[in-house]
Amino acid sequence: MKLFYLFLFVTLSFFTGSKLSFKEENAISTIEMERINSRIINLKNMINIEHKYNQKIAFLVDMKVPSGKNRFFVYDLEKDQVIDQGLVAHGSGSETGIKGMLKFSNMPNSNCTALGRYAIGKTYKGIFGKAYRLAGLEESNSNALKRAIVLHHYSAVPLEEQDYYISNSHGCPMVNEQFFKRIEKIIDGSKSNILMDIYY
């Protein structure tokens, strides 16, 4: 009987080897994709009205997704598809004490993530190295520049998805260093400001 199960395991491994070796943890769920699509409609409308923003690429951050899972999405507006994704931290002030439930604030010193659309601005060198200033475009994130909310990397943010929650920021969208290098090329190669939408 043990030989039968061993044979069965080997056979299944052989025929489904490619499927087993490919982990689907990076797959975007249907619900997440629906939420992305609903946000993209509004972003495209905004870009069509205000031509000063990048018309090819947008960044989306879905705060409903646990921090240990990919929730920072790089979206190709022309092909209508996610072309890259990674982990991103939220602000420590956004923790409610209830697992999976967050709160958000635009107030200075709240250490909270602020929801809304941002324009990714100029780069500068800060305490975490290279970072990008973020200009809040809505009432919900209008204090972003005043609060020094920036897009930056931090070594404590893992590259791969985790089964646990990752470290928090002081309200900034904080990503892994390797992921930062990938999006850095996109930002630096853009002649116009890229929009980033943080939603819940």
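A salt bridge is taken here as a side-chain nitrogen of Lys or Arg within 4 Å of a carboxyl oxygen of Asp or Glu. By that criterion the structure holds nine salt bridges. The model is predicted: local features need pLDDT of at least 70, side-chain atom pairs count only at pLDDT 80 or more, and totals for chains, interfaces and linings use all residues. Residue numbers start from 1 along each chain as its sequence is written, and side-chain values use heavy atoms, with hydrogens and water left out.

**View 1. Salt bridge between Arg182 and Asp84**. The N to O distance is 2.7 Å. Arg182 lies in helix α4 (residues 177-188) and Asp84 in strand β3 (residues 81-86), so that the pair, 98 residues apart, links distant parts of the chain. Helices (H or I, at least four residues) and strands (E, at least two) are DSSP runs, numbered from the N terminus. Asp84 is buried, at 17% relative accessible area, whereas Arg182 is partly exposed, at 36%. Buried means under 20% relative accessible area, exposed over 50%, and partly exposed in between (1.4 Å probe, protein chains only).

**View 2. Salt bridge between Arg117 and Glu138**. The closest N and O atoms of Arg117 and Glu138 are 3.2 Å apart. Glu138 counts as partly exposed because its relative accessibility is 27%.

**View 3. Salt bridge between Glu50 and Lys52**. The two side chains meet with an N to O distance of 3.9 Å. Lys52 is exposed, with a relative accessible area of 54%, while Glu50 is partly exposed, with 31%.

**View 4. Salt-bridge network of Lys130, Glu184 and Asp188**. Salt bridges link these three residues, Lys130, Glu184 and Asp188, in a network. Side chains of opposite charge can pair when their charged atoms come close.

View 5. Arg39 counts as partly exposed because its relative accessibility is 26%. Leaving aside neighbours within four places in sequence, Arg39 is in contact (heavy atoms within 4.5 Å) with Leu60, Asp197 and Tyr199. The C-alpha atoms of Arg39 and Asp62 are separated by 9.9 Å, and these two residues are 23 residues apart along the chain.
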